[in-house]
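Reader: Got the model open. Can you walk me through how the inside is put together?
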Amino acid sequence: MLFVKDMKLKAIEFASSKLSKGQAKLPEVAIAIKRYFDDTFHPNWQCVVGKEFGSDIGYEDKHVIYFFVGRVAVLLWKAGWTSYISIHSNQLLYGVLGFW
């Protein structure tokens, strides 16, 4: 298992590569990041990609990553069975939230 710092670097590299493609669609970026992290670091990762949003989430200890690629924010976290989610925004926001 990678250290938290390594996971953050992987997330930034992956998101940057997806967002750097001229006309990247934010929903597709959120889905791609979630799938990559579920496959690489085991399931229950959640991802929100957008601009100007706030959040209040429950997450597993040391499993939350938040960063910007230009003006686009990426919030990525691993949810446990007892996690809670509250995300609010006045702007266009795309997220992939799944518990299965």
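Reader: Which residues of α1 are buried?
Author: M7, A11, F14, A15 and L19 of α1 are buried, meaning under 20% relative accessible area, with exposed over 50% and partly exposed in between (1.4 Å probe, protein chains only). Helices are DSSP runs of H or I, at least four residues, and strands are runs of E, at least two, numbered from the N terminus. This is a predicted model, where local features need pLDDT of at least 70, side-chain atom pairs count only at pLDDT 80 or more, and totals for chains, interfaces and linings use all residues. Residues are numbered from 1 along each chain as its sequence is written, and side-chain values use heavy atoms, leaving out hydrogens and water.

Reader: And what's exposed on the other side of α1?
Author: K5 and E13 are exposed there.

Reader: What covers the buried residues of α1?
Author: The cover includes α2, β1, β3 and β4, going by contact, that is, heavy atoms within 4.5 Å.

Reader: Switching to the largest nonpolar core: which members touch the most others?
Author: I33, F37, V49 and L76, out of 21 residues. A nonpolar core is a set of buried Ala, Val, Leu, Ile, Met, Phe, Trp, Tyr and Cys residues joined through side-chain atoms within 4.5 Å. The largest share of this core, seven residues, comes from α2.

Reader: What does I33 touch?
Author: Leaving aside residues up to four places away in sequence, I33 touches F14, A15, C47, V49, V74 and L76.

Reader: What's in the second core?
Author: That separate core has seven residues, including F53, I57, W77 and A79.
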